[in-house]
Amino acid sequence: MSNPYFQFKQFTVWHDKCAMKVGTDGVLLGAWTSVQGACRVLDVGTGTGLVALMLAQRSPADVKIVALEVDTAAVEQAKENVARSFWKEQIEVVQADFNQYHSSGKFDVIVSNPPYFVGSLKCPDVQRNAARHATSLTYEELLKGVAGLLAEDGTFTVVIPADVADRVKGIASMWNLYAARQLNVITKPGGVPKRVLIAFSFDHRECVVEELLTEIARHKYSEEYIMLTREYYLKM
């Protein structure tokens with residue numbers, strides 16, 4: 001049986017009630033997303049609350065973070081994880097379908113680790129399917145919603161499979177969102193990117209593209225990955 005929780009330096013994330021467990025995608029998103037100058041942050045599909053907690057750790061105390069989640073069990077778990085943390089006054093866990101979500105104000109930063117297995121074979125677990133497949137929230141729906149909630153000078157950061165990056169950029173451009181930063185994630189030396197992190201904004205400028213190698217050997221992390229995540233991982 002897998003460990004029911006994941007211990008970070010400043011907080012613990014329990015994930016026994018959630019379909020999707022703590023993983024590298026979420027950690028990369030939480031560590032790479034810029035929150036500089038942000039006052040309001042929205043985490044779309046927060047799951048365990050991992051990314052919201054990571055962003056709270058790097059944010060001033062007056063920054064408000066909304067952690068949005070549709071799944072009831074995940075909402076319960078995220079609320080428990082937040083309540084046990086230093087940032088329970090900063091993070092509000094909200095149960096809502098993103099397609100129906102409305103906010104009285106815009107957000108300076110929006111992040112999402114969205115469902116990503118488009119059209120692949122589904123497993124019998126309904127909860128896990130919803131978390132893994134882009135049927136409950138498509139990229140089109142996600143980007144349309146983000147465009148309506150993002151402040152004029154805000155940024156939207158997402159982690160997606162590398163093979164859908166061009167498609168997602170194309171959809172984003174329909175809503176006047178353009179890639180400003182991109183991180184191509186390579187898991188082993190000589191490999192090709194399997195994951196991509198992209199920061200979008202309404203400002204159409206040249207995109208800064210970087211690469212990150214996570215491991216130089218099995219269970220031996222690269223120096224750049226250690227530098228990116230050392231504020232969070234216990235053994236970094």
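A residue counts as buried when its relative accessible area is under 20%. The model examined here is predicted. In strand β6, five of the six residues are buried, so this strand is largely enclosed by the rest of the structure.

The partners of β6 were examined next. Strand β3, residues 40–44, is joined to β6 by four bridges, and the two strands run parallel. Within this pairing, aspartate 43 has valine 111 of β6 as its bridge partner. Strand β7 covers residues 150–161 and is linked to β6 by five bridges. The strands β6 and β7 also run parallel.

Eight strands make up an open sheet, and their order is β5-β4-β3-β6-β7-β9-β8-β10. The pairing in the sheet is mixed. Strands β5 and β10 (208–213) stand at the edges. Each of these edge strands has a single partner, so one side of each is left without a neighbour in the sheet. On average, neighbouring strands are turned by 15° against each other, direction ignored.

Helices lie against this sheet. Helix α2 packs on the sheet and touches β3, β4, β5 and β6. The direction of α2 makes about 170° with that of β4. Helix α5, residues 139–149, lies across β3, β6 and β7. Its angle to β7 is about 160°.

The largest nonpolar core holds 39 residues. Phe8, Phe11, Val27, Leu50, Ile65, Ile91 and Leu197 touch the most other members of this core. Several elements give two or more residues to the core, among them α1 (24–32), α3 (72–83), β4 (64–69) and β6 (107–112). Strands β8 (178–186) and β9 (195–201) are also included. The largest share, seven residues, comes from α2. Apart from this core lies another, of 31 residues, including Val44, Ile110, Leu137 and Ile198.

With neighbours within four places in sequence left aside, valine 27 is in contact with Phe8, Val22, Leu50, Met54, Tyr225, Thr229 and Tyr233.

A further site is glutamate 215. This residue is found in strand β11, residues 215–217. Is glutamate 215 buried or exposed? Its relative accessible area is 17%. The cut-off for buried is under 20%, so glutamate 215 is buried. Beyond its neighbours within four places in sequence, glutamate 215 is in contact with Thr187, Lys188, Pro189, Lys220, Tyr221 and Ser222. Proline 189 is 26 residues away along the chain, and its C-alpha atom is separated from that of glutamate 215 by 7.5 Å.

The protein chain has seven helices and 12 strands. Of its 236 residues, 49% count as buried. Along the principal axes, the C-alpha trace spans about 45 × 40 × 40 Å. A compact globule with 236 residues would have a radius of gyration near 18 Å, and the 17 Å of the protein chain agrees with this. Among contacts between residues at least 6 apart in sequence, 72% join residues at least 24 apart. The accessible surface of the protein chain comes to about 11,800 Å². Carbon and sulfur atoms account for 53% of that surface.

Terms used: Residues are numbered from 1 along each chain as its sequence is written. This is a predicted model: local features need pLDDT of at least 70, side-chain atom pairs count only at pLDDT 80 or more; totals for chains, interfaces and linings use all residues. Side-chain values use heavy atoms; hydrogens and water are left out. A nonpolar core is a set of buried Ala, Val, Leu, Ile, Met, Phe, Trp, Tyr and Cys residues joined through side-chain atoms within 4.5 Å. Buried means under 20% relative accessible area, exposed over 50%, partly exposed in between (1.4 Å probe, protein chains only). Contact means heavy atoms within 4.5 Å. Two strands pair if DSSP finds at least two bridges between them. Axes are lines fitted to C-alpha atoms, for helices over the stretch in contact, and angles run from 0 to 180 degrees between N-to-C directions. The radius of gyration is taken over C-alpha atoms; the globule rule is 2.2 Å times the number of residues to the power 0.38. Accessible areas come from the Shrake-Rupley method with a 1.4 Å probe; for residues, only the protein chains shown count as cover.
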